[in-house]
Structures are given as C-alpha cells and as structure tokens.
Amino acid sequence: MSATIVLADDHRIVRQGLRALLEAQNDLRVIAETGDGLEAVELVERLRPDVLVVDVMMPGLNGLEVTRQVRQRWPTTKVVVLSMRASKPFVAEALRHGAGAYVLKASGVADLVLAVREVITGGQYLSPPLSREALGAFARNAEEATLDLYETLTGRERQVLQLAAEGLTNAEIGARLSISPHTAMTHRSNLMRKLGLHSQADLARFALRRGVLPFDE
Amino acid sequence: MQRLTPEVEANALRTVAEALNREAGLKESLAISLDVALTLVGSETGWIVLLNEEGGTRLAARGLPPALEVGDRAAMRWADCACLRKLAADELGGARVIECERIKKARGGKRGLRRHVSIPIRANGRRLGNVNLALPAGREVSDKELLLLTTIGNQISVAVHRAQLYERAKTRRVDEETALLRLSQSPLSESDPQRMMDTAARAAADTLQTELAAIALVDENGQTFSGRANVGWPPEIFLHLRQIPLTENMGLTHAIRNSAPLIIPDESRETRFGPPPWIEQMGITSSLLVPMLVAGRAVGGVVVNSRTKRDWSEDDVRLLSLIANTTAQALERVRLLDTVRQSESKFRALIEHSYDAITLLDAGGNLIYNSPSLPRITGRAPEETLGQNFAAVLHPDDLPAAADLFARLLQSPGVTLQTQVRVRHKDGTWRWVEAIGTNLLDDPSVGAIAANYHDITERKQAEDALRESEERYRTLVEYASDGIFLSDAQGRYLDVNPRACDMLGYSREELLSMSIADVIAPEELAARPIRFDELRAGKALISERQLRRRDGSFLEVEISARILPDGRLQGIARDITERKRAEAALRESEDRYRDLVENSQDLICTHDLDGKLLSVNEAAVRLTGYSREALLRMDMASLLAPEVRHHFNTYLKKLRAAGRARGVMQIQTASGETRYWEYDNTLRTEGVAVPIVRGLAHDITERKRAQEERDEILEQVRAGRERLQAVSQQLLDAEEAERRRIALDLHDEVVQTLTGLRLLLQPGPGVPPERVATRMGEAQTIVEELVARVEELSLDLRPAALDDMGLLPTLLDHFERYSARTGVRVACKHSGLQRRFPPQIEIAAYRIVQEALTNVARHAGVADAIVRLWANAENLGVQVEDAGAGFDPAAPPPGGFTTGLSGMRERARLLGGDLTLESAPGGGARLTAEFPLAGPVEQREPPR
C-alpha cells in the first residue's frame with residue numbers, strides 16, 4: 001500500500017514538477033494539490049493524507065501556520081516543509097511548528113523523496129547542508145538566551161524602580177533624584193509597562209524577586 | 001669720695017634732714033639731699049625722679065652728661081627706661097646698683113657713665129620715685145653704703161610724701177571752696193528747683209570726684225521719696241527711684257530717717273541694708289549718703305557713689321553734707337516763696353474779680369464809701385463820686401422810684417429792698433444795675449445805708465433781644481409755608497399759623513378747640529401713637545404722617561416736633577404729597593432698573609477709583625462664587641487672578657486717563673477657578689460726588705477655552721502635518737536612494753551575470769561537443785549564484801520571511817547574515833516573542849532593529865551587540881545596545897544617522913509606540929522602541 005500525499009505550493013509549475021517527481025515513485029501517491037494555505041488545511045481535514053508537502057510561502061495561510069494546525073489537529077499527518085532558504089532560524093521555527101522535514105527547493109529532486117520517506121517512518125529529515133547537530137546547537141542558544149526584563153530598564157528607571165518599591169511617592173522620588181514629580185511618574189509608568197507590572201504590589205513583588213530590594217528591611 | 005665713718009654718716013643724714021625740714025620748696029630740699037648723696041659716693045652726676053602715670057618727672061639733677069640732657073629735661077617715659085619700669089615693679093628692694101638701659105640707649109656724650117645707684121623713694125609701701133647716682137667707672141658700692149643711701153632715700157621719701165599730702169590738702173581746700181562758691185552762686189540764687197538740684201548733683205560729683213551722684217527728695221506725702229536729679233545714672237535705672245517708701249531698708253532711707261550721714265566704703269560687705277538692685281547694675285563699690293536738713297528736719301538726701309573703692313573721709317562727709325544742706329535750704333526758700341506768692345495772688349484775685357460793688361450812703365443819700373470794684377461798673381475811681389448824692393449818678397427816669405425806695409429804707413432799719421436802676425458810666429452811657437439796699441444806720445460798725453449792686457446791663461440787653469426775636473418768630477410763623485402747631489403737653493392746640501389752617505381746611509378757631517389726635521387718621525394713630533413721652537423728654541422727632549382734613553381727605557406731611565422751653569409742644573408740618581409722588585416714581589424706575597441689572601446674565605458692578613467694589617449684581621455673585629457682602633468688602637484687584645493682578649494699576653490709570661477701559665480680564669473665583677471676562681468699563685465723574693466706575697462684563701471662559709482648545713488642536717495638526725511632510729520627504733528620498741541602489745545592483749550584478757550566461761550558452765560555431773558539457777556545468781554554477789544574489793536583493797527589499805516565519809526567526813536570520821557581513825556578533829535575548837504580532841508592528845520592529853544594528857556596525861566600532869526583545873499582553877519592546885563609542889544624543893554623528901533615527905522614531909510613533917535613545921560619548925548606546933499591542937492578543941502556542 002502506497003503512502004498518500006497532499007501537495008501545497010502556490011507555484012503551479014513547481015507543483016507540477018514535484019507531483020511528477022513524487023508519482024514516479026511506486027510507493028507514493030499524490031492525492032490532491034493546492035496553491036492556497038487554507039485549502040491545504042481543508043484538504044488535510046477531508047483526505048487525512050499520510051504526508052502534507054507544503055511550501056513556506058503560501059497565500060491564504062502561511063506554510064508554518066498550516067503546519068501547526070495540521071499537526072495539532074491531525075497528528076497522523078506528517079508535514080514536509082519546502083523552503084528556498086537554508087536559514088537555521090527558519091528551520092528551527094518550522095520544526096517548532098511541527099514539521100517533520102525541511103527541504104530546500106534548490107536541493108536535488110531526490111531530496112524530497114528522501115524526506116517524504118523519512119517522515120512516513122516517523123523520522124526527521126533536513127536537506128543538506130543542514131544538519132540536526134548544527135540545528136540543535138542553534139536552538140539551544142536561542143532558547144537559553146531568554147531575556148531578563150530588568151535588563152531593558154534604563155539607569156534612571158532602575159533607580160526609580162528601587163525607590164518606588166521602597167514605597168516612595170512620585171514627589172519623594174522626584175526630590176530624591178532631583179527630577180520633577182511628573183518625570184518620576186513617567187519613569188515609573190514606563191518601567192511598569194516594560195516589566196508588565198500593573199500595581200504597586202506587582203512592583204514590590206518584582207523588586208523582591210529580582211533582588212532589587214533586600215528581604216530584611 | 002669720702003670714707004664712710006659713723007661721723008660722715010651722721011653728718012650726711014643730718015644735712016639731708018635739715019634740708020628737707022626747711023621751709024623752702026621741695027625741689028630745693030631735694031637738690032641739697034642729692035648733693036649729699038653724690039658726695040657720699042663720690043659722683044658728680046645724679047638725679048631724682050618722681051613717678052607719675054606717664055613715667056617720671058625729674059625733680060633735681062646734677063652734672064648730667066649731654067646724652068641725658070637731650071629732649072625735655074623733666075619728662076621721662078616708661079617706654080624709654082627699663083630701670084624705671086623695673087624699679088616701679090620692684091616694690092620692696094632697697095638701694096642697689098643698676099646697669100642703666102636708658103644710659104646705654106642714649107645717643108651722644110655719656111662721659112663713660114654706665115651704671116648708677118638706684119635709691120627708692122616710697123611711702124605707705126607705694127613707690128613714689130627714685131634717687132639715681134651715676135657711678136664713675138670702677139666704683140663699687142658697699143652694702144654699708146647702700147644701707148646709708150637707703151636711709152637717705154627714706155628721709156627723702158618722708159619729705160616727698162609730706163609734700164604730696166600738703167599739696168593734696170591744699171587742693172582739697174581749694175575744691176571745697178570752689179564747691180561752696182559754686183553752690184552759693186547757683187543753687188541759692190536759682191529759683192527753679194530742678195535746675196537747683198541738677199547743679200547740686202553736679203557739684204557733689206565734681207567735688208567728691210565720683211562717677212555718680214543723685215539727689216532724692218521726700219515726696220509731699222511725707223511717706224515716700226523720689227529721685228529728682230542725678231549725674232551719671234542711666235535714665236532707665238534712675239526711673240525706678242520713684243515713690244520709694246521711707247520704711248524700705250535702704251541706705252538712703254536710713255540717712256533720711258536718722259538725719260545722719262551714712263558711709264559705705266564697700267557695698268559688697270554692707271550687711272545692714274537690703275541693697276537695691278541698681279547697686280549691682282551700676283557696678284557701685286562705695287557709697288556716701290547724707291541727709292538734706294532744714295531746721296534739723298530731713299527733706300531728702302544726697303548720694304554719691306563710686307565704682308572704685310573709696311574710704312570716705314570726714315572731709316568728704318562734711319563737704320557732701322554742706323552741699324546737701326545748702327541745697328535743702330535753698331529749696332526750702334523757693335518753696336516758701338512759692339507759697340507766699342500763691343496766697344498773695346489768691347487774695348488779689350478775690351479782690352480784683354469781685355463782681356458786686358458796694359456803696360455806703362449816709363441818711364441824706366450822700367455817698368460815703370465806694371468799694372474798689374466800682375470802676376468795673378461805672379468806670380470811675382471809688383473816690384471820684386464820694387460826697388455826691390445818689391441822685392447825681394442815677395438816670396433821671398429812675399430817680400422817683402429810687403427816691404421812693406431810699407425813703408422806705410430810711411423808715412425801716414434792718415430792712416432790705418431791691419430795685420433796678422441805671423447809673424451813669426464815665427463814658428456817658430447808662431448801665432443797668434440791680435441794687436440791694438439795706439438800712440444799716442443802726443449797726444454801729446457800719447452806720448450807713450449799704451447798697452450792694454451789680455451790673456445787669458447785658459442781661460437787660462439780652463432780654464430785649466429775646467423779645468425782639470420773639471416778635472420776629474411770630475412773623476415767621478404767620479407767613480411760614482409750613483403749618484405750625486403749638487399745643488399743650490396733652491396735645492390740645494394753643495396756637496396755629498394761617499398755613500396750618502389752610503393745610504387742614506379748618507379755621508383757626510376750630511383748630512384751637514381741637515387736639516393733635518383729631519387731625520390724624522384713626523388707623524394711623526392706632527398704628528403709630530404720638531410719642532409724647534419722648535417729646536417731653538426733650539427729644540426732637542421727625543415723622544411722616546397722614547393728616548385728615550376737614551373735608552375727610554388725607555394729606556401727606558412730614559412733621560418735625562419738639563418741646564419748647566416753656567413746655568409747649570411745637571409741630572411743624574410740611575406738605576410732602578409732591579415729594580411722595582416723585583419718590584414713588586423714582587422708586588419705580590429704580591425697581592425697573594434693578595430688575596434689569598439683577599436679572600442680567602452679564603456682570604454689572606460699580607467700583608471707585610481705588611478699585612473698591614461699591615455695588616454688584618446677582619450675576620457677579622453667581623460668576624465669582626463670592627457672596628454679595630463679601631464682594632462689597634473686596635476690591636477689584638483681589639478678584640483678579642494672582643498672575644495678572646499687577647495689571648490692575650494700568651487698568652485704573654487707563655480709566656482715569658481715557659474714561660473707559662475694555663478688554664479681557666482674568667478672574668479667580670472663590671473656588672480658585674480661573675475665568676475670563678470680557679469687560680467694557682466706563683468712568684463716571686459727572687453728577688456724582690465721587691468718581692465711580694461702571695463695569696459691565698461678560699464671562700467668555702467657555703468661548704476662550706474652546707478657542708484655546710481649537711488653537712491647540714490646530715497646532716497639533718500643523719505640527720503633525722509638518723512632521724508628515726518631513727517624513728514623506730525622507731521616505732521619498734529613501735525610496736529614491738533604494739531604487740538607485742537596486743537599479744545599480746540589478747545592472748551591475750544581475751544583468752552583467754545574465755549577459756555572461758547568455759554568451760556561455762550561445763552555441764557558437766566550432767564548439768566541440770565535449771566543451772558543451774563543461775559549459776553547461778559552468779552555466780549551472782552561474783545560475784545558482786544568480787539565484788542567491790536575487791534572493792539577497794529581494795530580502796533587502798522586504799524580508800518575505802517576516803510574513804511566513806514571524807518576527808523572531810526573521811530577526812535571528814537577519815542577525816546571522818548581519819554578522820556574516822559586518823563581523824559584529826549579535827547576542828539576542830528575548831522573552832514572549834514566540835508568537836505573531838500585527839504585521840505593521842512586526843515590520844516596524846524589524847526595520848528598527850535592522851537600522852539600529854546598521855548604526856552599530858557603522859559608528860560604534862565594536863565586535864558585539866546585544867538585542868533584547870520582549871513582549872507581554874500589552875507591549876512589544878525591542879532594544880539594541882552596544883558598548884561602543886557612543887555619542888551625545890543632543891549632537892548625533894553625521895552621515896544619515898539623524899535621518900535614520902527620525903525614521904525609526906516615526907515608525908514607532910505611527911504605531912502609537914515610543915522610541916528612546918540613551919548614549920554618552922564613550923559610554924555606548926542603547927536604543928529602545930516599544931509598541932503598544934492593541935488589546936491582549938490570544939496566545940497561540942505551537943504544539944511541542
């Protein structure tokens with residue numbers, strides 16, 4: 001029994017080329033094709049293919065979003081993403097959205113067949129020169145480098161944060177820092193916005209957690 | 001030089017003693033003593049010095065070398081001579097030899113002198129001076145010699161001391177004489193007690209040489225005393241010396257009570273009295289108090305005080321007592337003189353101001369005595385008319401009555417009769433006198449008819465004048481235009497004038513049978529009864545009443561009523577019908593006017609030229625929030641907003657000058673709100689007692705605010721348009737530059753490459769088939785390069801991946817390419833970015849980061865940059881930081897930087913975001929952009 005494939009690419013010529021290529025394989029069968037992202041999702045819903053081959057660039061709904069929805073709703077359908085770009089961030093993003101394979105359009109035609117076969121068996125495939133190792137390192141870096149919001153504050157905002165957390169009013173902060181109460185208020189609202197804080201209690205909690213305020217005092 | 005034998009010794013001492021005991025002057029005696037001493041030590045040079053405040057005085061000298069003769073021969077100064085100072089300090093030393101500094105320092109011939117014997121002269125342990133004997137070179141002086149010289153010195157000391165005491169005694173006597181002289185000259189001859197006491201106080205202070213002196217007198221009540229004169233006392237302290245009871249335990253009260261002097265050499269040791277506070281305040285150390293005695297009675301005391309210690313001598317006491325008693329006697333003299341003077345003048349006044357005159361007549365009617373006050377009445381001297389008969393001095397018309405009276409007096413001894421007659425005045429006029437005659441012929445001490453009389457001419461004249469005035473009054477009453485009613489105390493009419501009859505339509509006879517109550521409408525009388533009580537109490541009343549006429553009609557009158565001296569009531573009635581009508585009309589017009597004013601929506605007021613508010617309408621109360629009462633206590637200036645209050649004087653000036661002021665004033669209401677009034681105020685000077693300003697104002701605050709708001713919006717629109725224009729131009733420029741770049745890229749790279757490709761693919765003649773395969777391989781490579789290049793170009797134009805991949809992957813991709821191209825590493829930290837944002841925000845955030853990184857590569861000169869990205873439900877923030885060169889944000893580096901920055905700022909602003917830039921030269925740079933996310937965005941987490 002051959003695996004069923006839905007093909008989604010907005011370029012008809014590319015689509016035809018790919019279809020010819022895939023159908024030349026005995027064990028693969030293209031059961032539908034489309035040039036629109038939304039239609040691709042509908043087709044998957046209706047036909048429940050084994051594999052969806054989808055271009056990143058799609059009108060209607062972009063390829064990654066199609067991938068995400070498909071993988072979320074019908075996990076039995078594996079997705080091969082086609083892309084022009086051999087960029088690690090993009091690959092990582094595609095994989096994060098649930099793609100099983102990332103195939104460069106510029107790669108040789110055999111690459112796509114390899115990828116389809118790989119995903120059907122539950123594996124992952126990346127077109128050369130991409131490699132899982134390089135990608136892994138990148139992804140780790142990208143994930144680990146999460147942001148401490150405190151770093152985004154300006155020097156002045158940090159001073160205001162500390163004084164505000166100590167319970168000083170805008171007027172008192174202004175007097176302490178030799179700025180107008182109005183300016184102090186602006187700094188305070190800016191830093192609260194940056195830190196996503198909504199109340200004085202939030203502010204004090206943040207200051208405690210972040211160690212801006214010592215616990216004993 | 002003599003050998004010192006007992007004989008020589010005795011001789012010397014005797015010679016000195018004799019010399020000093022002689023009657024001759026001290027100077028001469030000292031010269032002899034000096035000679036004796038010089039002989040003893042074999043010297044020809046020596047001098048005697050007596051100390052004084054400045055140094056010393058040379059009293060005797062022998063054989064002084066020229067160096068010591070220089071300058072004033074007599075005076076020597078402390079500063080000149082160390083031995084002088086040393087000797088003055090060395091109280092107990094005897095005669096000794098000294099290396100003299102003074103001689104050493106002296107310029108000129110010294111005849112080899114260096115040393116001298118110094119013999120002290122002293123009395124009562126006090127150094128008075130020195131005998132100095134210059135020593136020839138090599139002459140030593142034995143202890144025995146020094147002892148002898150000391151003895152001679154002692155003899156000299158006794159003489160000098162005696163001479164000084166004598167001198168002082170002489171001076172004291174002179175002082176005493178001077179003081180007495182002064183006292184005898186001034187206080188005794190003075191008639192002003194105060195000046196007398198001032199002089200005495202001064203004399204006391206001068207004579208006893210004290211800083212302070214005071215004189216106090218026992219007050220008239222005999223129980224207290226008060227300070228009257230002083231020298232040296234500050235007024236604020238001397239003031240307390242007032243009415244101090246003689247029973248107080250004080251030095252002065254003691255002196256006065258005991259009539260004895262009191263000596264206090266040392267106040268600090270004085271225990272007999274409770275010292276008054278001023279002793280310490282004034283720093284008084286010693287006091288001397290003596291009573292002021294007159295005939296053994298103390299009338300006061302004189303006090304002298306010293307701030308230095310004084311042992312008051314008997315002389316002092318005697319002298320001060322002398323001053324005190326002399327002054328007391330002089331004061332007493334003045335007092336007695338005053339008393340005498342007063343009783344004399346009293347007597348004289350009685351005589352001179354006597355009103356009645358007295359004349360005595362004998363039984364024949366001849367004048368035998370006139371009292372001294374006669375000239376007051378007749379202008380004649382008392383003796384002038386003596387011997388004349390009374391008929392000669394009386395008015396002929398009065399003679400019959402006078403003769404009759406005289407006859408009656410003669411018949412009845414002891415009787416007293418009174419009459420009014422005219423007597424001739426010296427100036428020819430007749431004077432009315434009221435005379436009381438008494439027959440005292442039987443009284444042995446008088447033996448005459450006594451006529452006691454006084455001038456009543458003026459009273460007579462006054463009576464005449466009164467009569468005349470009464471007649472005039474009657475005329476006035478008759479022809480008065482007001483009705484005049486006279487009634488008795490119960491209101492019954494006694495008299496009325498013709499006008500009164502006219503007014504009421506009654507005849508005079510009719511009215512005289514009526515009373516006040518009959519002509520007043522009954523209802524009115526009930527409502528407002530006639531206030532007889534008040535009238536009878538002397539009060540004048542003015543009231544408006546309606547009178548009822550005979551025909552039953554009513555008449556409006558104003559009645560002025562009062563009681564006359566004779567007890568009658570007078571009422572003057574004035575017809576006020578016309579006035580009432582005019583008043584009513586005026587009131588009506590005023591009411592109309594007030595209605596207009598009060599109901600006006602505009603503010604109406606009057607104020608004077610100081611700005612004081614005189615009247616305000618209801619609108620003013622409503623618009624200011626102050627009550628009417630409060631407003632009428634305020635002035636215009638205090639209504640003005642504080643920031644414009646200083647214009648008020650200009651406003652007043654304008655009103656004064658031009659009579660009118662118009663404009664807009666800024667007002668502060670009671671609640672502190674600022675309002676704008678358009679006003680048009682005019683000055684009115686005609687027809688008013690004081691110039692007033694009529695103010696008319698209209699509240700235009702809302703209009704003005706609307707106007708301001710409109711202006712503000714217009715300004716915003718204008719600024720926005722300007723910004724838009726600037727940005728549009730920038731965008732156009734940027735677009736043009738971009739197009740140029742792309743065109744260049746397309747031409748230089750793509751077209752050139754394609755041209756090469758075409759040449760490669762052209763099947764030229766003679767190309768061997770094996771070469772074709774090679775060429776195809778080459779072409780394949782070129783096509784791949786071309787694809788990459790075109791892709792790059794397209795990415796630069798717009799990162800298509802942004803739409804497909806989202807912000808974070810696209811930025812990460814960009815960082816890779818950016819690092820590859822520029823060599824600047826990018827560390828990216830992010831939080832909450834794994835989601836999609838509105839496309840315009842994504843592209844703006846992307847472009848801003850891209851631009852900021854471009855700036856880092858161009859300007860910062862660093863190998864690292866940090867990019868922070870964060871998002872929460874409300875905001876997306878991007879931040880690009882480097883630790884590079886930095887710059888002054890006020891003066892950013894040239895070269896498109898500013899344009900780029902304003903482009904970034906504009907992008908952020910268009911999306912409601914904000915862009916801030918922090919940097920300092922050498923301190924790196926940090927650019928932060930934040931975008932508001934419209935409402936919480938649904939979090940869409942991809943599956944894992």
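This is a predicted model: local features need pLDDT of at least 70, side-chain atom pairs count only at pLDDT 80 or more; totals for chains, interfaces and linings use all residues.
Local features require a pLDDT of at least 70 and side-chain atom pairs a pLDDT of 80 or more, whereas totals for chains, interfaces and linings use all residues. Residues are numbered from 1 along each chain as its sequence is written, chains are lettered from A in the order in which they are written, and side-chain values use heavy atoms, without hydrogens and water.

Rings of Phe, Tyr and Trp (its six-membered ring) were paired if their centres lie within 6.5 Å, with planes under 30 degrees apart counted as stacked, over 60 as edge-to-face and the rest as tilted. Over all chains, six aromatic pairs were found by this rule. The ring centres of Trp233(B) and Trp278(B) are 6.4 Å apart and the planes lie at 70°, so this pair is edge-to-face. Trp233(B) lies in the loop between β8 (224–231) and α8 (235–238) of chain B, and Trp278(B), 45 residues apart from it, in helix α10 (residues 278–281); helices (H or I, at least four residues) and strands (E, at least two) are DSSP runs, numbered from the N terminus. Trp233(B) is buried at 8% relative accessibility, and Trp278(B) is buried at 10%, where buried means under 20% relative accessible area (1.4 Å probe, protein chains only). Together with Phe238(B), these two residues form one aromatic cluster.

Charged side chains were also examined; a charge sits over a ring if NZ of Lys or CZ of Arg is within 6 Å of the ring centre and within 35 degrees of the ring normal. The charged end of Lys460(B) is placed over the ring of Trp432(B), 4.3 Å from its centre. That of Lys704(B) sits over the ring of Tyr676(B), at 4.8 Å from the centre.

Notes: Buried means under 20% relative accessible area, exposed over 50%, partly exposed in between (1.4 Å probe, protein chains only).
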